[in-house]
Amino acid sequence: LEQTAKSEMLTLASPFRSRTVILLGKEKEGIPVPLLRLVDRCVEIPQLGVVRSLNVHVSGAISIWEYTRQQLLASGSGWTT
């Protein structure tokens, strides 16, 4: 979860794989470049306005919720949005 030149919007990105690692960086520094080189893709949370930043714990919670939502829908558990 990082804002990069190639990051995809969380709402438009392809679905999370069932086995996914969500990597979160530090509040101000973000994810270190050596770790960014290891990820399959970067996603970011779409935001409106001038400030394009959320606290890392908020971003993590939103990402985990989206992962969970996708897994519930894919499982056919009858859960709906």
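The model is predicted, so local features need pLDDT of at least 70 and side-chain atom pairs count only at pLDDT 80 or more, while totals for chains, interfaces and linings use all residues. Residues are numbered from 1 along each chain as its sequence is written, and side-chain values use heavy atoms, with hydrogens and water left out. The protein has two helices and two strands, arranged along the sequence as β-α-β-α. Helices (H or I, at least four residues) and strands (E, at least two) are DSSP runs, numbered from the N terminus.

**Overall picture**

- The C-alpha atoms fill a box of roughly 40 × 30 × 20 Å, taken along the principal axes.
- Of the 81 residues, 22% are buried; here buried means under 20% relative accessible area, exposed over 50%, and partly exposed in between (1.4 Å probe, protein chains only).
- Among contacts between residues at least 6 apart in sequence, 71% join residues at least 24 apart, where contact means heavy atoms within 4.5 Å.

- The largest pocket holds about 450 Å³ of space.
- Its lining has 18 residues, and T20, V21, V39, D40 and R41 are the closest to its centre.
- By class, this lining of the largest pocket comprises twelve nonpolar, two polar and four charged residues.
- For these classes, Ala, Val, Leu, Ile, Met, Phe, Trp, Tyr, Cys and Pro count as nonpolar, Asp, Glu, Lys and Arg as charged, and the others, Gly among them, as polar.
- The second largest pocket has a volume of about 360 Å³.
- Of the 19 residues lining the second largest pocket, L1, E2, Q3, L54 and S59 are the closest to its centre.
- Strand β2 (43-44) and helix α2 are the elements that give two or more residues to the lining of the second largest pocket.
- That lining of the second largest pocket divides into six nonpolar, six polar and seven charged residues.
- A pocket is an open set of points on a 1 Å grid over the protein atoms alone, where a 1.4 Å probe fits, with protein on both sides within 12 Å along at least five of seven lines; lining residues have an atom within 4 Å of a point.
- Grid points are joined across faces, edges and corners, and a volume is the space filled by probe spheres set on the points.

**Around F16**

- The structure holds one aromatic pair.
- F16 and Y67 form this pair, which is edge-to-face, at 5.9 Å centre to centre with 70° between the planes.
- Rings of Phe, Tyr and Trp (its six-membered ring) pair if their centres lie within 6.5 Å; planes under 30 degrees apart count as stacked, over 60 as edge-to-face and the rest as tilted.
- The pair links distant parts of the chain, 51 residues apart: F16 is in the loop between β1 (8-9) and α1 (33-36), and Y67 is in helix α2.
- F16 is buried because its relative accessible area is 13%.
- The charged end of R41 sits over the ring of F16, 5.7 Å from its centre; this needs NZ of Lys or CZ of Arg within 6 Å of the ring centre and within 35 degrees of the ring normal.

- S59 lies in helix α2 (residues 56-75) and counts as buried at 10% relative accessibility.
- Leaving aside neighbours within four places in sequence, S59 is in contact with L1, I45 and L54.
- E27 belongs to the loop between β1 and α1 and is partly exposed, with a relative accessible area of 46%.
- With neighbours within four places in sequence left aside, E27 is in contact with L54, N55, V56 and H57.
- From C-alpha to C-alpha, E27 and S59 are 10 Å apart in space, and they are 32 residues apart in sequence.
- A61 is also found in helix α2, and A61 counts as partly exposed at 46% relative accessibility.
- A61 and T4 are 57 residues apart in sequence and 20 Å apart in space, C-alpha to C-alpha.
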